[in-house]
Each structure stands twice: as structure tokens, then as C-alpha cells.
Amino acid sequence: MIIRRPADIPASEITPPEVYAARRRLMAGAGALALGAGGLSGAAAQSRVKLESVRPWPGSTKEAQNTFEQITSYSNFYEFGLDKGDPLRNSKAFRTRPWTVAVEGEVRRPRSFTIEELLKLAPIEERVYRLRCVEAWSMVIPWAGYPLAELIRQVEPTGNAKFVEFHTLLDPRQMPGQRDPVIQWPYVEGLRLDEAMHPLTLLTLGLYGELLPNANGAPVRLVVPWKYGFKSGKSIVRIRFVERMPTTAWVRSAPHEYGFYANVNPAVDHPRWSQARERRIGELRKRETLPFNGYGDQVASLYAGMDLRKFY
Ligand code: MTE
């Protein structure tokens, strides 16, 4: 029996076919993005800005943290390309100021927040969370932010608000990946209102005590640690409260593979691979994946009585 190392697994095995096809197309026109006339890749690295005050959060995992370099250079942010290094390479010139987040829909006090307002809305904590990607890799990341619930309380959802949608910026001039219809842009994700209000759901503004790097979703993203990473939308510009379950970008593009809930669940395989184990970036041996990514004691009650094989 041949044991293959993760690096030997062809991308086609762990990538939705339409994404794989689009990646081939992008690579065929390669020069454009990667080498482009000294364009994006030639730009200086994004400057690193320290956050003013960040308090430690007592609930952080004590597991070894991935390095800043690993977290920024191995990521999924399809707006900037499909390969793991593309977000870092292609997002250097991404402009994140000015930036506003519109909060609207079923709320009594709809309003926009500037990024400066968001940075001051609540005390910023450093929360070290595990991130488990649906592609069966994982990392341990010291995020900086505060519970999304702090923002939700400001806008006062009405009784009709049952779900929350998160919309990422749509700007193909700045986001070269959006010129290819891998998914229907913009990237839209969603949560049930109680999931969005859960104290673990983090409105994330930083990483390693600094403002978020562009590759990781600057200037503001979500982190939902008990769900597969794709639920944690990056570079958010709109938060909308709605009555009906939203059709999210991945559910629209491959409903048999990606569900709305997307809770980390080692017992429910992806149609094309197992979810039982994961590879922590930086390690060779795989480890067991934990239900709800190890946060079950805090979140399992949200799903009491639900068949998690059906609601994957
Ligand atoms: N958000 C946007 N807007 N676009 C994306 O392609 N990828 C998701 C999620 N958020 C994605 C996104 C996936 S699949 C993962 S695993 C995480 O971002 C990765 O976040 P990280 O690179 O900061 O670790």
C-alpha cells in the first residue's frame, strides 16, 4: 500500500471541480496575475500596524500557535486567487481605508460603521482559536477582536430576524479572482441569529496583535471556530438580518458538498474525502478531528434535537 504524503495528493482530490477547472484557466493565463508587469506582486509588503490595546482572553487554547508566516502565506481567499499563496501575493495593494460596514435588514437601528468605529466598539481581546478548513487542514491562530454580539446589540434586531448574512467586498479591479466566476460573487456567508450571537463568534480585526493582514481578510472578517473555515467570511462590507435562511455562496455552487450549517463533524464525510482527520499546518502526522472542532461543550446545545447528518 502506498501512503501518500499530503503534498502528493492532487489538488483535484480536494478542490471542487469547478474551482479546479478555473484554477487551470487562471494558470494558463499565468503571467497576468503572477508576474503582471511588476504590478501587484511587485508592490511592497503590506505595512504591519500594531493594535493599541489587546487583552488576553482566558478561553484561548494553549496549543502551539501557527506562525505569522504560515497563517498569512497558506490561506483561502478566492477573491485573490485559488492557490494557497495567492492571497498574500495578490493582495498587497488592496486598499482597506476608507472602509465601512453597512448593517441593515430586520433591525430597529440600521447604520453603517466605519472601520475606525469598529476598532473602538468594544475591548479587543486576543483569542487563540483552532481553525479547521473543510479541506482537512487546520491551524491555531491568535485572532484579535470581540464577540459579534457587541455589534448586533447596537442595531437591535427585530423579532423577524432569524438569520444573518455576511457579504464580502465586490471589487474585481482590486480582487483579481473575482474576474473568474468560480463562485457567484460576492462571497456570501450566513449564520442563524443564535449562532451569530454566540460569545465564541468573533468579529475579527487583527492577528498576532496587529491589524489583520490583507491575505487574512482585512480590515474586518468573521471567525466562527466550531464551523469549517469557509463560514468565516473575509473583508466584510455588509451584514444583513433576514427572516429566511440565506443561500450562501458555497451552498449555491455545490449544495451536495457544502451545507448551510457546516459544523465541524468528523462523523460526516465530505462526498469526496473523509473529515475524520486533519493535518495541522506545520505537522506531518494527521490528528483526529474533534466534533465542533473541540468547542462542543460550548456550542452543541445550539443544535439539540437536530439531525446533524441531515443539517450538515
Ligand atoms: N472569505 C472570503 N471572502 N473568500 C474566501 O475565499 N475562504 C474561506 C474563509 N473565508 C474565503 C473566505 C475558507 S475556505 C477558509 S479555510 C478561511 O477563510 C481561511 O482563513 P485564513 O486564511 O485566514 O486562515
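## Exercises on charged side chains and backbone geometry

Arg-127 is buried (under 20% relative accessible area, where exposed is over 50% and partly exposed is in between; 1.4 Å probe, protein chains only), its relative accessible area being 4%. The model is predicted, so that local features need pLDDT of at least 70 and side-chain atom pairs count only at pLDDT 80 or more, while totals for chains, interfaces and linings use all residues. Residues are numbered from 1 along each chain as its sequence is written, and side-chain values use heavy atoms, with hydrogens and water left out.

**Exercise 1.** State how many salt bridges the structure holds, and locate the two ends of the pair Glu-63 and Arg-280.

*Solution.* Step 1: the total is 20 salt bridges. Step 2: the side chains of Glu-63 and Arg-280 form one with an N to O distance of 3.0 Å. Step 3: Glu-63 belongs to the loop between β1 (55–56) and α4 (68–73), whereas Arg-280 belongs to strand β12 (residues 277–280), so the pair ties together parts 217 residues apart in sequence. Helices (H or I, at least four residues) and strands (E, at least two) are DSSP runs numbered from the N terminus. Step 4: Glu-63 is partly exposed at 24% relative accessibility, while Arg-280 is buried at 5%. Step 5: both residues take part in a network of salt bridges that also links Arg-130, Arg-132, Glu-278, Glu-283 and Arg-287.

**Exercise 2.** Describe the salt bridge between Lys-84 and Glu-135.

*Solution.* Step 1: the closest N and O atoms of Lys-84 and Glu-135 are 3.0 Å apart. Step 2: the pair links distant parts of the chain, with Lys-84 in the loop between α4 and α5 and Glu-135 in the loop between β4 and β5, 51 residues apart. Step 3: Lys-84 and Glu-135 are both buried.

**Exercise 3.** Determine which side chain of opposite charge is nearest to Lys-234, and describe the surroundings of this lysine.

*Solution.* Step 1: Lys-234 lies in the loop between β10 (221–223) and β11 (236–242). Step 2: with Lys and Arg counted as positive and Asp and Glu as negative, and His and the chain ends not counted, the nearest side chain of opposite charge is that of Glu-79, 7.5 Å away. Step 3: Lys-234 is buried yet has no salt bridge. Step 4: its side chain reaches the backbone oxygen of Ala-215 at 3.2 Å. Step 5: not counting residues up to four places away in sequence, Lys-234 has contacts (heavy atoms within 4.5 Å) that include Ser-75, Asn-76, Phe-77 and Thr-168.

Terms used
Salt bridge = Lys/Arg side-chain N within 4 Å of Asp/Glu carboxyl O. Polar contact = N/O pair within 3.5 Å; in protein donor to acceptor, adjacent residues only side chain to side chain.
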